[in-house]
Structure formats: C-alpha cells, structure tokens
Amino acid sequence: MPPRRKLSDLDRGRAIGWLQDGVAARQVAQRLAVAPSVIIRLKQRFHATGRVQERQRSGWPRVTTQREDRFIQRQAMQQRMATANNIRQRLQATTNTVVSGQTIRNRLHNFGLLARRPVRGTTLADS
C-alpha cells in the first residue's frame, strides 16, 4: 500500500474549485494523485463547515515552533558531530526553550538527519 500523502491547502482549494465546476470526484482524485475517498471526505467537510483546512486534532501540543525546528536542523548541519544534548543546550541558550534530547532526536529524524555521538573505539594493534 503506498504511503498516505496529505493535500496542501492549495491542492484542497483547487479540488473544491474543480468540484464546484462540475468535475467528478474520481477525476479530481486522479489529477491530485490521491484516493477518491480523500476527495469525497474533503467535499463533505467543505459542505459541512465551509472550510478546507484540517480541523484541530487532539494530542500533545508541539513544544517547538517551526523556527526552532529550523534552528535545530541548521545546528545539526553545521556541526555534524554534535549530540542531541549539545543541540538541546544551544537551543535553550538561544531561544530559552526547554526540550528533551529525545525531542531533538525526533525533530532531526523528521529532517532525515541523525544526532551524532562521538565514540572512541578501541585501537587496533598491529600483530
């Protein structure tokens, strides 16, 4: 099964526009490369609420903003051997935002990066 793809606000607006112009839901789904059920739910939500934005979800609120996430990414890219705790300390010193090392690792994972942990291995002796 292919991974789910979220529609951007622009694509949602385009889909509603096409539906209002009389294009069938299946054709709209083909144009946007999503399942027809996605378009049908979007249409139902638009008729019920008059909006195309996704509704607020329950769950734990994010600790970091998008700006702080970019800061984390930039720190990891500039200093490739920085650990998650090093990045966490820099974030706290710069933005006064307190997060855990696991949060840093999660954000880096979202960007496709890893926190590095410098490890000194055993030296190989010549024999």
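A search of the whole structure, which is a predicted model, finds one cavity of 30 Å³ or more. The largest cavity has a volume of about 50 Å³. Which residues line the largest cavity? They are Ala76, Gln79, Arg80, Ala82, Ile87, Leu113, Leu114, Ala115 and Arg116. Sort this lining by class, and you get six nonpolar, one polar and two charged residues.

Ala76 leads us to the helices. Ala76 lines the largest cavity, and Ala76 of α4 also takes part in the contact with α6. Helix α4 covers residues 66-78, and helix α6 covers residues 101-110. Their axes come within 10 Å and cross at roughly 80 degrees. An angle from 65 to 115 degrees counts as roughly perpendicular, so α4 and α6 are roughly perpendicular to each other. On the α4 side, the contact is made by Asp69, Ile72 and Ala76. On the α6 side, Ile104, Arg107 and Leu108 take part. By class, the residues of this contact are four nonpolar, no polar and two charged.

Now move to another pair of helices. Helix α1 spans residues 9-20, and helix α3 spans residues 36-49. The two pack at an angle of about 80 degrees, with their axes 10 Å apart. That makes α1 roughly perpendicular to α3. From α1, the contact uses Arg12, Ala15, Ile16, Leu19 and Gln20. From α3, it uses Ile39, Leu42, Lys43, Arg45 and Phe46. This contact of α1 with α3 has six nonpolar, one polar and three charged residues.

Arg12 of α1 is part of the contact with α3. Arginine 12 also forms a salt bridge with aspartate 9. How far apart are the closest N and O atoms of this salt bridge? They are 2.4 Å apart. Both residues lie in helix α1, three residues apart, which is about one turn of the helix. How many salt bridges does a search of the whole structure find? It finds four.

Gln66 brings us back to α4, the helix of residues 66-78. What is the make-up of the pocket lining by class? It divides into one nonpolar, four polar and four charged residues. The lining of the largest cavity, by contrast, has six nonpolar residues.

Conventions
Residues are numbered from 1 along each chain as its sequence is written. This is a predicted model: local features need pLDDT of at least 70, side-chain atom pairs count only at pLDDT 80 or more; totals for chains, interfaces and linings use all residues. Side-chain values use heavy atoms; hydrogens and water are left out. Ala, Val, Leu, Ile, Met, Phe, Trp, Tyr, Cys and Pro count as nonpolar, Asp, Glu, Lys and Arg as charged, and the others, Gly among them, as polar. Axes are lines fitted to C-alpha atoms, for helices over the stretch in contact, and angles run from 0 to 180 degrees between N-to-C directions. Helices (H or I, at least four residues) and strands (E, at least two) are DSSP runs, numbered from the N terminus. Angles under 35 degrees count as roughly parallel, over 145 as roughly antiparallel, 65 to 115 as roughly perpendicular and the rest as oblique. Contact means heavy atoms within 4.5 Å. A salt bridge is a side-chain nitrogen of Lys or Arg within 4 Å of a carboxyl oxygen of Asp or Glu. On a 1 Å grid over the protein atoms alone, a cavity is a set of points where a 1.4 Å probe fits but cannot get out, and a pocket is an open set with protein on both sides within 12 Å along at least five of seven lines; lining residues have an atom within 4 Å of a point. Grid points are joined across faces, edges and corners, and a volume is the space filled by probe spheres set on the points.
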